[in-house]
Amino acid sequence: MSAASIGGIVFCAMPLCPAQAELANRETPVVVIGDRDASLNLDTVELNNYNAGVLVARYLIGLGHRSVACIATPLNKDNSARLRRLEGLRDVFREACPEGRFLVRTCTITPEQERGDLNIEHRTGYTLARRCMAERDITAFVAVNDMVAYGVLDAILESGARVPEDYSLCGFDNIYPSHFSRVGLTTVEHHIAEKGRSALEMLHNRITSGPGCSITRVEVMPELVVRSSTGPAPVQRQAGGPLGRPQDEDEGR
């Protein structure tokens, strides 16, 4: 396909080279679906992932959870949505639950490994959750997305523990399997279909109206969807130590 035949471009994540995307936008309309970022001079459909983390943290604290583990695939500048979710979680726990404990467990995975292995998110959740379960005061897990959450869920159930009686579990994204009845996953709805429609409508308007001097930003609000994977913290395991800084741990593959 020649460049002349491309009517527009939709980035389904934040571009790794924003300057190049902005340069391309001079010739071909570009729309980005991604995290909130006022520095990006492109039409965007945004979701504030920081607020998504805030929603989950406030909910778990309200259930009495004082010792929580966050399970994540790599956290770096190339994965801004993951970082923003973590920041929202961490800030709320520091402010609203200073007596609690908030752990961060992540791993080292290259971008090539992430793209080439469909099971890597599930395996990451499973491996890191098993390690975290040795921390006896942990009462809840937050997975950086729903696929990681399913790995956490399998590790919990395989150990003989129950969800949510022994451990609560939250994810992000509200993908279709999260509705399944085995253990309905509490998660954050990101309105993926709505974001896609908004991006295409925005792109169509830009193609038909021609270049403009203004930038259009549409923000979609995250929504907490509560299902059966979360419940009150077990009374006997609510005590936690000082919060301190999140602890990052490389587990590899």
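**Salt bridges, cores and backbone geometry**

Aspartate 35 is buried, with a relative accessible area of 7%. Buried means under 20% relative accessible area, exposed over 50%, and partly exposed in between (1.4 Å probe, protein chains only). The model is predicted: local features need pLDDT of at least 70 and side-chain atom pairs pLDDT 80 or more, while totals for chains, interfaces and linings use all residues. Residues are numbered from 1 along each chain as its sequence is written, and side-chain values use heavy atoms, without hydrogens and water.

Aspartate 35 has a charged partner. Its side chain meets that of arginine 84 in a salt bridge, with 3.9 Å from N to O. Arginine 84 belongs to helix α3 (residues 80–96) and aspartate 35 to strand β2 (residues 30–35), so the pair ties together parts that are 49 residues apart in sequence. A salt bridge is a side-chain nitrogen of Lys or Arg within 4 Å of a carboxyl oxygen of Asp or Glu. Helices (H or I, at least four residues) and strands (E, at least two) are DSSP runs, numbered from the N terminus.

A search of the whole structure finds 10 salt bridges. In one of them, arginine 206 pairs with aspartate 43, and the closest N and O atoms are 2.9 Å apart. This pair links distant parts of the chain. Arginine 206 sits in helix α7 (residues 192–209), aspartate 43 in strand β3 (residues 43–47), and 163 residues separate them. Both arginine 206 and aspartate 43 are buried.

Another salt bridge joins glutamate 158 and arginine 130, with 3.2 Å between the closest N and O atoms. Glutamate 158 is in helix α6 and arginine 130 in helix α5, so this pair ties together parts 28 residues apart in sequence. Glutamate 158 is exposed, at 54% relative accessibility. Arginine 130 is partly exposed, at 45%. Salt bridges can also share partners: Asp35, Arg84 and Glu87 are joined in this way into one network.

Which elements give two or more residues to the largest nonpolar core? That core has 25 residues, and those with the most contacts inside it are Ile71, Phe141, Val152, Ile156, Tyr167 and Leu169. The elements are β4 (67–71), α5 (120–132), β6 (140–143) and α6 (146–158). Helix α6 gives the most, with seven residues. A nonpolar core is a set of buried Ala, Val, Leu, Ile, Met, Phe, Trp, Tyr and Cys residues joined through side-chain atoms within 4.5 Å.

Leucine 169 illustrates the packing. Neighbours within four places in sequence aside, leucine 169 is in contact (heavy atoms within 4.5 Å) with Phe141, Ala149, Val152, Leu153, Leu185, Thr186, Ser229 and Thr230. A second, separate core has 21 residues, including Ala57, Leu86, Val92 and Val188. In soluble globular proteins, nonpolar side chains tend to be buried together.

Glutamate 189, in strand β8 (residues 187–189), is a charged residue in a buried place. Residues up to four places away in sequence aside, glutamate 189 touches Asp173, Asn174, Met221, Pro222, Glu223 and Val225.

Asparagine 174 has a positive phi of about 55° although it is not a glycine. Asparagine 174 lies in the loop between β7 and β8 and is buried, at 10% relative accessibility. Histidine 191 also has a positive phi of about 55° without being a glycine. Its place is the loop between β8 and α7, where histidine 191 is partly exposed, with a relative accessible area of 21%. The peptide bond from valine 163 to proline 164 is cis, with omega near 10°. Proline 164 is in the loop between α6 and β7 (168–170). Most residues other than glycine have a negative phi, and most peptide bonds are trans.

The average pLDDT (the predictor's confidence in each residue, from 0 to 100) is 87, and 91% of the residues score at least 70. Over residues 239–253 the pLDDT is below 50. This stretch has 45 contacts in the model beyond near neighbours in sequence. Where pLDDT is low, the predicted coordinates should not be read in detail.

Definitions and conventions: Lys, Arg positive; Asp, Glu negative; His and termini not counted.
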